[in-house]
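Have the sequence and the model open side by side for this one. We'll go through helices, salt bridges, a surface patch and a couple of loops.

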Amino acid sequence: MTTAVSQQARQTASGRAARPTRRERFLDQLETIIPWERLLAAIEPHYSGGQNGEGRPDGLQRMLRTVIVQHCFGLSDEGLEEALVDSRAIRRFVGIGSAREDAPDLDEVREFHRLLETNGLTVAIFQAVNTRLERHRLTLREGVSVDARLVGDEAPARSFERNRWRFGMKSLANGKAPDSAPLPGTPHVNLDRPRVDEILAAAMRANVVVICAGAGYGKTHAVQTFLQNYKAVTTWIQLTERDNAGARFWENFSHAVSRINKPLGRQLMEVGFPETSVDFEKYLHIPETDISLQQKHVIVFDDLHLIHDEAVLRFIERSVHTPFPNITTIFVSRVEPGLNLLGQVSTANITEEDLRFTEGEIHAYLRAQGLSVTADTLHEIHEETRGWFLAVNLVARLLQRNPSREFRLRTSLKFNVFKLLESEIFLAVSEDMQRFLIRLSLIDTPSAEIARQLAGDPALFDELTRITAYVRYNACNNDYQIHHLFREYLLQKQGVLTEDEKRETHRVAARWYDENGYWIEAVFYYEKAGDYEPIVRIIHAMPVAIPEKAATRLLAIIEKIPPEIAEGIALFPTAYLRLLTILLRLDEVVVFARRYIEKHEALPPSAFNDRVLTSAYTALAFVSVLRAPDTDVYDFDVYFTKAEAHYSRHPYEHPQSPISCRVGTYAIKVGADRPGAPEEYIDALTRAAPLCARVMGGFMSGLDDLARAELHFYRDEIKKVEHFLERAARTAWENKQYHIYSRTQLYRIRLGFVQGDYDKTEQATRAIERLVEMPDFPNRHLVVDILTAWYKLKLGLSHIIADWLKTDELELGASPRFIEYYGNYVRMEYYFHSGRYAESLAVAEKYGEPKRFLFGRVNVKIREAICLYQMKDREKALEALRQAYEFSRSNHLVMPFIETGKNMRTLTMAAMRDGNAGIPREWLELINRRAGTYAKRQQIIITAYRKEHGMLDRISLSRRETEVLTDLYEGLSRSEIALARNLSINTVKLVINNLYAKLNANNVADVVRIAAEKDLIRGGGSI
C-alpha cells in the first residue's frame, strides 16, 4: 500500500482528484515514514493470526496499522470502532474494504495489544514510530495532535525527584518551598501509576496538555498525584457552571493566582476580566515581570467541559498562546475542549485509554486494599470494568464486603453507578455523615473552612477524609472536590434536608466567600440563603467600575428581592440606582429616583429616609453629569446640594475603600462650543465637588480645580495653570482620588513641555510611576501605562511604550468617561509618530464618542488634519484644520494646536500660502509662532532626557534630516537645498533647526563639523 495508491483512490467520478483532507495527508505521510517491514518482522514470530485472523494473509499488517491509527489519533476503543466504519481514509490506511465485517473487532484489537505487551514489543514499536514522527515534525506541520506517549524524546523521562516538591506549594514570588507536611485528606490507599506518570511527563514537554475522558476515570487524581512530585509552580483553577460569567471566572482565576502570588492576584482583580484583545494585552503586561523564565509553571483548568461562554473560552484560548515558553497549561475535561489549539502551540492528548487501569494496575490496587483474587477473576474484572477507575473502586468495595460475590458488571455499570453509590458509599456511613455530605454537595467547590463549619463535629470532618475516591482534598486550593457523579447523586437527596438546613448551608458558604473577597460568589450564595441585605451591602462596596456583564447579573439578582424586603434595606436604592447608572439605563434611574423622592419626602424625617433620599438625589446628580454634553444643562450641583442636606441630617459610615472618581478623557465634559459653556460647567462643578466629597467619602475631591487648570491650559494661560494644578493634586491625594491626582501630573508634564522645563516633566512622571505602589488605586498599572506613554511619545521613544497600546486591533470597548478610553488617543499618537498615518487617521475617525465633548472634537480634528497633510491630501487637511479652528475659536482653545509643534507649524504655513483656508491670518501666525516655540522647547527636554540617560551618543536622524545634512555637508545653501529637494524654504529652515537641537550645534558650521566627527553622513543618519 503506497501513497500513490491512496491518491488514486481519491479520484472523483469525473476523473479529477479531490482535495485531500488533513487526515488523508497525515496518513499518506505516515505511510511513507513507518518502517513496516522491520516492525512486521519483529511481531511475526509471536503472531498466529488469532481466532478471527485465520485465512487472512494480511491480518498481521492490518492489526499493526489499526493500533498505530488508534495511538496516533488518541482513539478510545469505541472511537476506534467508529473510525474503522465511518472514516474512508482510516479504512484505506488499515487496508479494509467497505464491508463492516472486514474491520477488526475490539476483542481482536485488545488481544493484539496484549500480545505486544506480553512480548515486550509495545515500547520498541512506538519508540520507533515516535522517532520518525519527531524526525519529520509531522505533528507540528500538519496540526495533528499525536498521543501523549508519542510526544517528546525517544526515551521519555521515567524518574522524578520524589518527595521534594509539593503540589502547588512553591511560591511564585520568592521561589521558596515550605516544609513538607502531610496533606489533609490524603487517601489511605494512594496507588502510584508509573505508566500514567510517564505519559504525563512526556506530555509536559508540550505547551498544552488535554486530558479528555468521561466521569470516573481519575483525571483530576492523576494530575494531582503527578504534580505532587513534579518540579513546577502550579496554579489550579477549579471551574464550575457559574464561571460562564466573565466577572465570576475572573474572580476565581485571580484568587487561584493569589494563592501563589498575592500581589499578582490583586493586580489581576484590579484589571478585571479581559474581554477584548486590547484588554488581554493589558493582562499579559501584568504577569510578564512576575513570571520567572527559569521556573517551570503549570496552569490547570479543571472541568473545562462546564465552560461554554465565548468570552471565557476566548480568554483561555488566548492564554495558551502567551509568550512564556516555560508555561504548560493542562485542560481536564469530559469532552474535547472547543478551543483552537493549532498554530505554534504544541499539544499533547491524554485519553480514556491512557487512564484506564490495566490488569496489572487493578491487581496492584486490589493488593493495596488487602484483597487477593485469582488470575481468572482479575481478568474478568478488567474485562467487565474496562479499566474504568470508578467501577474498579466500587468492585473493590464489593469485594471487601463479599469476597465470594460474582461480578457481571459489563458496560451497564455506568447506568448503575447511583445504585452502587447508594449501597456501597452512602449507606455505609453514619446518618450524620450522610446529612453532612448532602449539605456539602450544595456548594460547588467548598473550601476546607466551609467544610469544617458545616461538619460542626471535628470527628465528622475527619471522617470526610476517608471517602477519598469521591471527595478529594485539593491542597493547591485548600478545598474539597466532590466527584461529579457522587455530587449528582447527593443533589438528588436534597429532600432529606430541611429548608433551614439548606439556608444555613448557603449562609455559611456566603459568609466565607464574603470574608475572603469572592464577592460574586458571595452574592450567589446569599441569594440562595435568602439574605438580601448583605447582597446590597456588597454591591454598594464594590469598585466603581463594575463590568457591564457583572452589573447586569447583579441587577437581575437584586431585582428578585421581594419589594417588602427591599423597602426595609436602606442601601437598596443606592445599589439599585448605581447598577442602572453603570448600565446607562438613565431614563430608569430618573423614574425610580423620583419615585423614591416622592415617597420618602412625604414621610417624617428619619435616618432611614435620609439615607434613601441621599441616594436618590445623588443618582439624579450623576444622570445630570452624564447627560450634560448633550443637554448643555449644568444643574447637577442642585441635586448634590439636596443630597448633602439629607446626608448632613443623618451622616452614615462610608465603605473602607474610597470610591475613586474616574476622570475619563477630559475633566470638562462640555459638548456645546458656545462661548462660556466651559465656565458654566466649572462653576457647577465647583459648587458640586465639595458636596459630593462629603456625601461619598471624598469622591470628586480636587476635580473642580483640575477642570479650571484644564481650561486655562487649553487657552494657553500658562501662568494660571500651576496654582490650580497644585491645589487639585493636594486635595485629590488627601482624599485618595488617585485618578484625579494622576491627571494633575499629566498636565504638569504637558506644562513642562510648554515651558521647556525638563525637571518638571521628570518629577511629574516619577509621581505617576509611584502610583503603582498604591494598593487602593484601581487600575493603577493601566493608568500609569497610558500617562507615561504620552511622555515617551513626546520624547520620541515610541518603541518603549506598553505593548498593549501598540496593537492594531481598534477595539474601543471602554467608555470615554473612563481613563481607558484615553488610551485610544495615545494609540493614535503612536501610529502617527511611527509614520503610520492611515492607521492614526483610522483611530481618529473611530474616536467617535469623545466628539460629544468639545475638547474631543478639537483634538480629533487636529489629528485628522495633520495625518491628511502627511498623506499628501492637502485640501482635506486644510478643511479639517478649519473645522478644528471653528470648534475652538468661541472659547479660545489654542493649546491643542500648539502642542503638535513642528507639524502644526508646517500645516499653518500651508494654510497661509493657500490664502488662509478660511482661517484668520493673525490666528494662523499666532499658532505658527507658538508651535515653533513649543517645538524648540520640546527639543530642549528631549536633549536633556537623552543626556541624563546616556543617549546623546546615539543620535537618530530622520530620512529628511539626513538628506538636508548631506546637502549642507556638500556646501549647498538653504535655497539650493529647497530647490534640489522640492521643499519650501521654511521646511528646510525647520529641518536645520532640528539638526541644531539634535547635534547641540549653534550654526551650520557646527552642524557639519559635529556630523563629520560622529560619522553621521557616511553612517546613514544614526550612530
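Why is helix H15 (residues 310-319) described as largely enclosed by the rest of the structure? Seven of its ten residues are buried, so the rest of the structure largely encloses it. Buried here means under 20% relative accessible area, exposed means over 50%, and partly exposed is in between (1.4 Å probe, protein chains only). Helices, by the way, are DSSP runs of H or I with at least four residues, numbered from the N terminus. The buried residues of H15 are Ala311, Val312, Leu313, Phe315, Ile316, Arg318 and Ser319. Look at the start of H15 too: there a side-chain oxygen of Asp309 comes to within 3.1 Å of the backbone nitrogen of Ala311.

A quick word on ground rules. This is a predicted model, where local features need pLDDT of at least 70 and side-chain atom pairs count only at pLDDT 80 or more, while totals for chains, interfaces and linings use all residues. Residues are numbered from 1 along each chain as its sequence is written, and side-chain values use heavy atoms, with hydrogens and water left out.

Now for the salt bridges, each being a side-chain nitrogen of Lys or Arg within 4 Å of a carboxyl oxygen of Asp or Glu. Searching the whole structure turns up 42 of them. Take Glu353 and Arg356, whose closest N and O atoms are 2.7 Å apart. Glu353 is buried at 18% relative accessible area, and Arg356 is buried as well, at 9%.

Helix H25 (residues 499-515) holds both Arg507 and Glu504, three residues apart, or about one turn of the helix. They form a salt bridge with closest N and O atoms 2.9 Å apart. Arg507 is buried at 16%, whereas Glu504 is partly exposed at 30%. Over in helix H43 (residues 874-889), Arg882 and Glu879 are likewise three residues apart, and their salt bridge has its closest N and O atoms at 2.7 Å. Arg882 is partly exposed at 25%, and Glu879 is partly exposed at 34%. If you'd rather see a network of salt bridges, find Arg242, Asp243, Arg248, Asp444, Arg487 and Glu521, which are linked in one.

What about charges without such partners? On the surface, Glu81, Glu82, Asp86 and Asp105 gather in a patch of negative charge. A patch like this takes residues with over 30% relative accessible area and no salt bridge, joining like charges within 9 Å. Asp86 belongs to helix H5 (residues 77-86) and is exposed at 62% relative accessibility.

Helix H48 (residues 974-981) contains Ser975, which is partly exposed at 49%. Its side chain makes a polar contact of 3.2 Å with that of Ser973; a polar contact is a pair of N or O atoms within 3.5 Å, and within protein one must be able to donate a hydrogen and the other to accept it, with residues adjacent in sequence counting only if both atoms are side-chain atoms.

Finally, the backbone in two loops. Most residues other than glycine have a negative phi. Asp716, though, has a positive phi near 65 degrees, and Asp716 is in the loop between helix H35 (703-714) and helix H36 (718-734). His892 has a positive phi near 55 degrees. You'll find His892 in the loop between H43 and helix H44 (895-898), exposed at 52% relative accessibility.

How values were computed: Patch = residues over 30% accessible without salt bridge, like charges linked within 9 Å, V, L, I, M, F, W, Y side chains within 5 Å. Areas by Shrake-Rupley, 256 points an atom, 1.4 Å probe, with all protein chains shown as cover. Lys, Arg positive; Asp, Glu negative; His and termini not counted. Charge placed at Lys NZ, Arg CZ, Asp CG, Glu CD.
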